Amino acid sequence: NSSGGMFLNLFGKEERRSSNKPPTASSSEIRLDDNQKKSSCDMEDAKKYTPFLFDFSYLHNPEEFEATLTNQDTTTTTDGNNNAAEDMADLEREFAINHLPTIQEYYTLFTSIYNYQSELNRFSSDLTKGYFIQYTVESVLLDQEGRALLCEAAWLYGVILIVLERLLPGPIRERFIIAHFRLSN
């Protein structure tokens with residue numbers, strides 16, 4: 001299956017890019033890998049983007065989250081401009097310009113992992129239902145190469161999930177997905 005090669009390619013890119021991730025914040029603090037050293041400038045960069053990097057709770061009521069962005073600290077200057085809302089919009093545009101391609105690559109990675117899992121489940125289900133005339137689960141497991149391929153396919157999926165969790169913990173993945181939907185639509 002060509003999916004395996006695609007994942008190795010995507011994870012190779014992820015390993016090289018893991019130190020260049022767009023700044024994302026988990027709930028109230030910035031999550032850093034132990035082996036990464038971040039300067040205070042990087043921490044400040046990540047913190048300034050926190051107000052518009054939402055987790056999956058955004059999906060329950062997106063209007064409320066969007067309203068909090070436009071109503072942030074509504075300070076009005078003498079000329080009547082709303083600086084805080086404009087600054088937040090400018091900051092979000094800056095984030096989109098600088099990080100949208102990377103966010104789209106991560107979303108492609110997540111979609112590819114989901115597709116691999118779906119294909120693996122469909123193959124297993126089809127094999128169990130007898131869609132393949134010459135093969136059943138038992139005949140594949142009796143064949144040494146078939147048994148090895150099934151084990152390797154399941155093993156690869158497990159490795160993908162472990163590496164993904166190590167490099168991008170759940171809260172950060174959530175923020176990537178929501179950022180993709182907000183910035184791409």
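How are α4 and α6 oriented relative to each other, roughly parallel or roughly antiparallel? In this predicted model, helix α4, spanning residues 83–129, packs against helix α6, spanning residues 144–167, at an angle of about 155°, and their axes lie 11 Å apart. Because angles over 145 degrees count as roughly antiparallel, the two helices are assigned to that class. The crossing of α4 and α6 is left-handed. On the α4 side, the contact is made by L109, F110, I113, Y116, Q117, L120 and F123, and on the α6 side by L150, A153, A154, L156, Y157, I160, L161 and L164. Divided by residue class, the contact of α4 with α6 comprises 14 nonpolar residues, one polar residue and no charged residues.

Helix α4 also contains D126, which is buried, its relative accessible area being 18%. When residues up to four places away in sequence are not counted, D126 touches Y131 and F132. The C-alpha atoms of D126 and T136 are 9.2 Å apart in space, the two residues being separated by 10 residues in sequence.

Aromatic pairs in the model come to a count of 11. The pair formed by Y49 and F52 is edge-to-face, with 5.9 Å between the ring centres and 65° between the planes; Y49 counts as buried at 1% relative accessibility, and F52 likewise counts as buried at 2%. Y58 and F65 form a tilted pair, for which the centre-to-centre distance is 5.7 Å and the angle between the planes is 50°, and Y58 counts as buried at 12% relative accessibility.

Technical notes
Residues numbered from 1 in each chain as written. Predicted model: local features only at pLDDT ≥ 70, side-chain atom pairs only at ≥ 80, totals over all residues. Heavy atoms only, no water. Axes fitted to C-alpha atoms, helices over the stretch in contact; angles between N-to-C directions. Helix = DSSP H or I, 4+ residues; strand = E, 2+ residues; numbered from the N terminus. Parallel < 35°, antiparallel > 145°, perpendicular 65-115°, else oblique. Left-handed = near helix turned anticlockwise from the far one by under 90°. Contact = heavy atoms within 4.5 Å. Nonpolar A, V, L, I, M, F, W, Y, C, P; charged D, E, K, R; others polar. Buried < 20%, exposed > 50% of the residue type's maximum accessible area, 1.4 Å probe, protein only. Phe/Tyr/Trp six-rings, centres within 6.5 Å; stacked < 30°, edge-to-face > 60°.
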